[in-house]
Amino acid sequence: MQRLPLPRQATGALTLALMLLACESGPITSSAALPASPGAPESSAEPVRFSRYPNPVYPGDFADPFVLRLDSVFYAYATNRGSSNVPTLRSLDLVSWLPVGDAMPRLPDWAASGRSLTWAPAVVELDGRFVLFYTARDRKSDRQCIGRAESASPSGPFVDGRSSPFVCQTDLGGSIDASVVRDSAGEPYLLWKNDGNCCAKPVTLWSQRLSRDGTALLGEPAALLNRDLLWEGPLIEAPTMWREAGSWHLLYSANMWNTERYGVGYAVCESPVGPCRKIGQKPVLASDGETAGPGGAEVFSDREGRTWVAYHGWSAPVVGYSRGGVRSLRIDRVDVSEVF
């Protein structure tokens with residue numbers, strides 16, 4: 001990806017380094033090390049370093065990906081494709097990904113089906129069950145809203161037995177792009193975006209604590225970020241958060257998803273409910289000569305506890321479905337280091 005340096009901060013500030021997965025070297029094992037980019041120096045003064053490796057890891061359309069690790073198996077879930085509401089892949093090594101079907105073949109009665117409006121799934125294991133948070137069209141309000149479904153298996157079928165959406169800020173245009181993060185004590189929090197760009201309303205990223213089984217929201221939602229940078233264009237969306245090196249880190253997508261202007265921004269937060277502060281004036285993942293419009297990022301960890309990010313991107317220069325493009329699955333390593 002394109003190198004986009006973040007400004008150097010005061011002592012203790014954090015920087016992000018994304019390094020692409022070395023797919024050609026075969027399966028990832030417990031002793032495998034991420035190889036250096038050919039000809040690259042051993043160290044770099046730039047706070048953000050990108051090392052080029054073969055992507056995409058799955059060349060088919062697989063937008064807004066979310067990766068769940070269950071022991072030594074990885075499951076990836078995506079926005080609807082064809083007749084599948086939640087297309088799902090499975091991998092043992094983060095290199096070879098095989099389809100395993102539709103994790104949610106039937107939508108609940110509150111959600112409109114057959115309209116290609118089932119988006120951005122996120123799956124977490126809570127209280128011995130697998131819980132899927134997803135976006136779908138609410139028949140009553142005609143807004144995109146977040147639903148909640150359960151399954152005994154990570155591959156589904158997930159069933160939403162509710163008569164209404166789990167989260168739907170209808171006064172703010174609806175709610176989309178759910179993600180889950182746990183605090184230091186293991187308590188889960190739901191992240192999402194209000195869909196204000198649907199109807200000329202402000203757009204904000206939100207966080208709220210979940211009950212341990214994920215059946216209820218606790219307390220009040222906290223605003224994390226708003227749209228205020230030039231590169232973000234008309235919207236921000238798709239938050240994902242994790243804790244590393246003593247801080248909470250937030251990635252989010254911004255600008256128009258079907259253009260090369262789409263990208264991923266970065267912020268640091270004091271807790272899962274903020275406050276958060278954006279770092280830099282540009283995206284940390286942006287279009288280059290190979291990948292266009294990267295976005296829909298979600299972080300996950302491997303068996304060794306290393307942090308990765310899954311995201312989608314168009315294969316340049318073919319951007320947009322009308323031109324025959326697809327938003328394929330890409331995976332990079334994420335390293336957080338301290339800058340003095």
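Tutor: The largest share of the lining of the largest cavity, three residues, comes from β19. This is a predicted model, in which local features need pLDDT of at least 70 and side-chain atom pairs pLDDT 80 or more, while totals for chains, interfaces and linings use all residues. Residues are numbered from 1 along each chain as its sequence is written, and side-chain values use heavy atoms, with hydrogens and water left out.

Student: What makes a space a cavity, and how much space lies in the largest cavity?

Tutor: A cavity is a set of points, on a 1 Å grid over the protein atoms alone, where a 1.4 Å probe fits but cannot get out; lining residues have an atom within 4 Å of a point. The volume is the space filled by probe spheres set on the points, and in the largest cavity about 90 Å³ is found. Two cavities of 30 Å³ or more are present in the structure.

Student: Which residues line the largest cavity, and how do they divide by class?

Tutor: Among them are F66, D177 and E298. Seven lining residues are nonpolar, one is polar and three are charged; Asp, Glu, Lys and Arg count as charged, and Gly is among the polar ones.

Student: Why does E232 count as buried?

Tutor: Buried means under 20% relative accessible area (1.4 Å probe, protein chains only). E232 has 0% relative accessibility and therefore counts as buried. E232 is found in the loop between β14 and β15.

Student: What joins the side chains of E232 and Y252?

Tutor: A polar contact of 2.7 Å joins them. The term requires a pair of N or O atoms within 3.5 Å, one able to donate a hydrogen and the other to accept it within protein; residues adjacent in sequence count only if both atoms are side-chain atoms. The side chain of E232 also reaches the backbone nitrogen of L229, at 3.0 Å.

Student: Why are β11 and β14 placed at the edges?

Tutor: The open sheet has the order β11-β12-β13-β14, with antiparallel pairing. β11 and β14 each have a single partner strand, so one side of each is left without a neighbour in the sheet.

Conventions
Pairing = 2+ DSSP bridges. Helix = DSSP H or I, 4+ residues; strand = E, 2+ residues; numbered from the N terminus. 1 Å grid on protein atoms, 1.4 Å probe; cavity = no way out; pocket = protein on both sides within 12 Å on 5 of 7 lines; lining within 4 Å. Buried < 20%, exposed > 50% of the residue type's maximum accessible area, 1.4 Å probe, protein only.
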